[in-house]
Structures are given as structure tokens and as C-alpha cells.
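User: I have a structure open here and would like to talk it through. Could you start with the sheet and then move on to how the chains meet?
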Protein chains: 2
Amino acid sequence: MTMTNVILPGSTIGVFGSGQLGRMLALAARAMGYRIHTFSPDRDSPTGQVADREISAPYADLDAVRAFVRTVDVVTFEFENVAANVAEIAQASGVPVRPGGWVLHTAQNRRREKEFLAQAGLPVTPFAAVDSLEALRSAVARLGCPAVLKTAAFGYDGKGQVRLHGPDDAPEAWAALGGQPAILETFVPFVCEISVVAARGVDGAFAHFGAIENIHRHHILDLSIAPARVSPAVAARAVELARAVMEKLDVIGVLCVEFFVTKDEVTGDERLLINELAPRPHNSGHLTIDAMMTSQFEQQLRAVCGLPLGDTTQLRPAVMANLLGDLWADGEPNWPAALACGAVKLHLYGKAEARPGRKMGHLTALGETVEEARRTAEAARRALAA
Amino acid sequence: MTMTNVILPGSTIGVFGSGQLGRMLALAARAMGYRIHTFSPDRDSPTGQVADREISAPYADLDAVRAFVRTVDVVTFEFENVAANVAEIAQASGVPVRPGGWVLHTAQNRRREKEFLAQAGLPVTPFAAVDSLEALRSAVARLGCPAVLKTAAFGYDGKGQVRLHGPDDAPEAWAALGGQPAILETFVPFVCEISVVAARGVDGAFAHFGAIENIHRHHILDLSIAPARVSPAVAARAVELARAVMEKLDVIGVLCVEFFVTKDEVTGDERLLINELAPRPHNSGHLTIDAMMTSQFEQQLRAVCGLPLGDTTQLRPAVMANLLGDLWADGEPNWPAALACGAVKLHLYGKAEARPGRKMGHLTALGETVEEARRTAEAARRALAA
């Protein structure tokens, strides 16, 4: 690690995107004496509210991008759906871009991501690229059903996905995605879903937060549980796969790998399949803020600034529960009731409008065991509706 | 607790003062979805950098104070040296002021503070009010030497204090303080210094972080160690005294009580004497951010917003080391070296100018024991100078 790679406290972090991930990065950065500028089309955004400067312009406004980059010492991203030329512009200005544009380019497209993983020899669900109804029919014939057709381009929280129960569903599914480039994936019956949030430094150092278990509801993350209730062997294997992904992609920053844990009905062997990558902090890592020595956001800061990665010891078993806009259906949630539930930490993102399904905040409960933490988290969330 | 007393997330906290205590309060408030406005004579202040709005005006500009108060939902303070009429103005505007003006009035004057404590039957060092050289001479004759003459008005970090070794020092000491109203205190040979940082809610609920041990250097806090290395009985007694102070003063918010622990040379009995009060988060409580389930700043936020107080379980033994401006004498400290020291958390306050003795930041080390944490904290601070 050369000193020229180090972005010292007092410097300015430029972040593209302005959601809650940028907000929590900003708070970690402020605590360590950094400044934060954010760029996105939005105003009074979750990140902008806590940033030194909020630039509101379309990502396609390349002059605005150039002007923004001149005001910062390092560029990072809080979501991967930024046009790759934004990264190129920053790079061309001589400002370090971490992770690099190739990482965004790969992760912002499901097809490129799957092809990268498969070519790297990493375990993924069987899939096929689909560019036409004919290609979809032949992919269904080859992979079987049930299967899931997903747009190749960015989607999240279950958006841009259609389930196929049999070959006859093909025309409707193809039409539902509007004929966009897509991939078909075999539907995998999994035992559980886990993720590994990890970081890689400028010097190649690697650090991780272990395996975190994720429970989804209506395709949106509902609960994360750390440590995950999987065998030590499965957790260790997941961490090694995350390390392999970060090394092969040459990521500087934080990356989350989401896995399906499957179980062979005959042998009982557990197997890991990579479902998705996110080259940034991830919703499932929010519990690191309260439960780990270093949060995923401080880790992102350290990694992109070329600082040594932080200690990732877990201080207490923890469960994170997302707070969606649905909780506001009958008015303001009962915050005092939830905060009276003991070892509960509340995080709210400053979003003005509470739409159903919108991530408004989360809470993390700590406990002596994950079971205790889960009881506390669920009691606190129930109390919000009381 | 009536709901009208509750200031909910999304509301705006108004803080008088703009130093690091306000900064860390602001970061805790942002995490929970609050807005922060700060009022002080300064610009680009530690608090202002992370606030939604920074008002720069003298505290004596009462029109500016009135305008400020109209923009916030609750008023609090990050230091106690604000003219009491500021609290009155806020109160008169119908905005809750927590803690109340009487708390500031008491704590901003050493003489009033001592008299309050003595009248409440709480243990303080023997003292005498001093308004003239004659009064000083007779106080010295009565209390004996060594003794310390302190200005009645606000002072901190050893400012406004003169040591008297014998009666002959009286004229020089009186002159050194410029003839201001003062108090003479017996110099207490103590075994160690401890503090209790505690919170009291709108409903009278009380929560504390246990006894924290403090080591000063040149009258400035150097290290804080939690838990303090005192007997459980002494720690419990300190907590009960802190509770008594908060109840008798009717404090809503966070308050720190600093104690001397003395030991009777003959009987070996340990005794506690209250040295000083601070009606706000305190430097010795900074380690709560990283070592406790709830930080002193989140606790302040919860208390002044009328929310239930947070769980104060300590997650790991911890040692906090202050980072003074002196560390910048030979240029920028070596941040990467310090951050490579393991379980170390760095906090910097965004102050531009590093003057000797100025508190620029702190670091907190966690460990399995306080000894391990102390070794880590001291190694990290040494590394800064390398």
C-alpha cells in the first residue's frame, strides 16, 4: 500500500447515489472526521440530509458529474445502477474510483454477473441467456421448471422477475418482461438464504462479518440473523467464496454475496449457490452497525480510503428487522413503544413519504442468543403497530 | 409520561453550543431520523458540519435566539456556559428546554453548584466562598493547605484554578484570578478519579453507565477506563449519588458526576467526594459510543425527546484516549498506523486548527479486559506519532 493511495481524515468522500446506504456511510465517515458529497437526481435525500454537499442532477449530466468529481478525493457508490461512464469520468479526472468501473459494469447486469461467476468456476444456479421467445422456450426445455425469468438489467427486491411453472408459461413471461434481454434461472428449492458481507482493501487485505441468515417476505428482506444458523463448515465455505469473488473481480470496497443453501435430499449434503452480488454495503449487513466492532459502512470507508480494515469481531448475537412504509398505513408508528423493548437500536433514513414496500428504516436487536435477539426484534416491530 | 412530551423522529433538535458533544449528539440523532439545528458564535463548527442548520450568532443576540427556537421542537445544550436567559427565551416560546434553565444556572457556577450539593447533603470537598483577599485569608486559615482557589464562574480543563501551598500564597492567588468571585477548596489527596454518566427521562426513569475511571494529564482528561477499577461497593455508591443529584436537581437529560475516591489512611475505608457536575454528555462517556449498547449521546437524545431510555449494557471493557492538538506538532498524525492496531475506533471532530491542548478527537479501544483495552489504546496513540 503506497501512501498516495491513502485518503486521510479531513478529505472528502464522493458518493454516487443518495439512499440509506449513503446515509449510513456518511454517518460513519463524519464520525471519523471525513466530509461527504453526494450526487443523485434527488433532493433532501437520505444521504443528502447528512452530507456536506448534495448535488441534485441526472446521472446523464456528465458536466455535473465532472464538476462533482473535482470536489472530492475519492469516489464510491451506494448502489450499482450508475452508468459505467460515470466511473470512467471520475477515473479520467485522476480521482480514485473504488470499487472500479468494471465491478459496477459486472454487477449491474444479471447476465454479465452470472457469466462472470460461471467462468470463474464459482457455484451458481443453472441459467441461460434469453434474448427471444424462442431462446426462452429452448432454455425452459433444457433447464426444466419451475424456473425464474429475470431481466438482465438491474432489478431489486423481486422487481423484473417472473416465475415459470411450465413450458406453457413462456409467452406470458416473455411478454411480462417486455421482451428485454433476460436470463432464465432454475428455481432452486433452498433450505435457507445467507449472505456474506466482506471488504477488501487497496493492499488486498480481506475481512468479513461471517455468514448472515436472511429471511425474505414478498421478495423483500424482512429479517437478518447473525450469526446464521448454518454449520460452521457452510459458513466457512461461504466466506471463502466471497473472498474468491472479491479477488477475481478485484474489488476495493465492500461487497455482499447472497447465497442459497441447498440440501441434497438423499445424501443430506449442504451446498451453496451464489444468487446475487452487490458491490457495496447491503441491507443484510445493517446489523453490523450495532453488533460488530466495525460496521460495514466504516469498513467501506476504510477500504475506499486505503486505510487498514477494521476488526470484525461480533459483540453480541443480533437480528435486524426492516421497517417498510406499510408500517405507516395507520399513521406514525409507535416509536416509544418499540424503544421500550430493551436492547433495540432504531435507524431511520429520513424519507418523507412512506410508501408500501419502501424501506424507511430498520431496527436491530441484540441478545445473548439469536433466538433472544429475534424475539426482541419482533416484539419491537409489533409494538410499532400498537 | 404524556404523549405531548414526546418529540418523535423527524422532529428537529435545537442545540446551543457547537463543539464535539453536539457533533456526536447530532450523529446519534441523524441515525434515528431526527434533524439537528445548532446555535453558537462559530462557523463550520464540529456540530454545524453535521447539522441540518448552523446558526452563527452571539448568545447575547436574543432576537437570533428567538428565531432559532422557533425552528426547533426541543432545546438542549452541549455545554453549560450559556446565559440562563437563553433557556428562559426558549421556555417562553413554548418549546421544551431539557435540561431546564435552573440546571444550567446551578452547574455553570462552581459556587452555586457546591452550595447546592452541600445543602442537598451530598458529599463534597470542604470549600468556602471567597469574594475578597480577606475572605481568602480566613478561608485558608479555616480549611488549611494545600488548597485550590477556583473562579466561581465557568472554567474547564484546569483553567481558572490556582493551587495554594500555604497562607503566604493567598495574595498572589487572589491576583492571579483577577479578583473574581471564587471558591477555595481543600486539596483532596485521592486514590483515583471516577465519573458516572447517567440519564433521567421525562418520566423520572434513571439509567447509568456504571463507574468510569479517569486519568488526567496537565488537568485535561487523558484516559477513561470502563469499568473503573474500584470495588463494586464504591461503584454502586457513585451511581446512587449520581441518581440523587439528578433527582434533586430535577434533570431531564444526561448528567455527569465527577468524583474523587479517597482512602482513609488508618481504616482503609474508601470514600467518595463529588468534584464537579456537567449537565450534559461528558468526555469520560465517549467510550459509551463503541462499548455500550446505547451511547451517552443516544441516551441524551432519548431523554430530551421523552423516549424510553436505552439499554446500557456494556459490550466490552473499553479505554478511551483523548487526541489533543499536540499530536499534530510534527504534521498530520499517522492515522493508518493507529487504525492497524486492532480493536480501535477513531473519532475526529472536524476541527481545522490543531492547537496544543485542544481536543481534536479521541480513540476507543475494546478488549477482553480493561488492561488489554488500555494496551491497545496506548499503542494506537503512540502509533499516531510514528
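Analyst: This is a predicted model. In chain B there is an open sheet of 8 strands, with antiparallel pairing, and the strands follow the order β13-β12-β9-β10-β11-β14-β16-β15.

User: Which are the edge strands?
Analyst: They are β13 (270-278) and β15 (344-348) of chain B, each of which pairs on one side only. On average, neighbouring strands of this sheet are turned by 25° against each other, direction ignored.

User: And what packs on the sheet?
Analyst: Helix α10 (residues 296-304) of chain B does, touching β9 (192-200), β10 and β12 (253-263) of chain B, and the direction of the helix makes about 130° with that of β12(B).

User: Over how many bridges do β10 and β11 of chain B pair?
Analyst: Strand β10 (residues 206-217) and strand β11 (residues 220-226) of chain B pair over 5 bridges in the antiparallel sense; Arg217(B), for instance, has Ile220(B) in β11(B) as its bridge partner.

User: Changing topic: how many residues of chain A are in contact with chain B?
Analyst: 33 residues of chain A are in contact with 33 residues of chain B. On chain A, α1 (20-31), α11 (335-339), β15 (344-348) and β16 (359-366) each supply at least two residues of the side that touches chain B, and by class that side has 20 nonpolar, 7 polar and 6 charged residues.

User: Why do you say the copies meet through the same surface?
Analyst: Because 100% of the interface residues of chain A are also interface residues in chain B.

Conventions
Residues are numbered from 1 along each chain as its sequence is written. Chains are lettered from A and ligands numbered from 1 in the order in which they are written. This is a predicted model: local features need pLDDT of at least 70, side-chain atom pairs count only at pLDDT 80 or more; totals for chains, interfaces and linings use all residues. Two residues are in contact if their C-beta atoms, placed from the backbone, lie within 7 Å. Helices (H or I, at least four residues) and strands (E, at least two) are DSSP runs, numbered from the N terminus. Ala, Val, Leu, Ile, Met, Phe, Trp, Tyr, Cys and Pro count as nonpolar, Asp, Glu, Lys and Arg as charged, and the others, Gly among them, as polar. Two strands pair if DSSP finds at least two bridges between them. Axes are lines fitted to C-alpha atoms, for helices over the stretch in contact, and angles run from 0 to 180 degrees between N-to-C directions.
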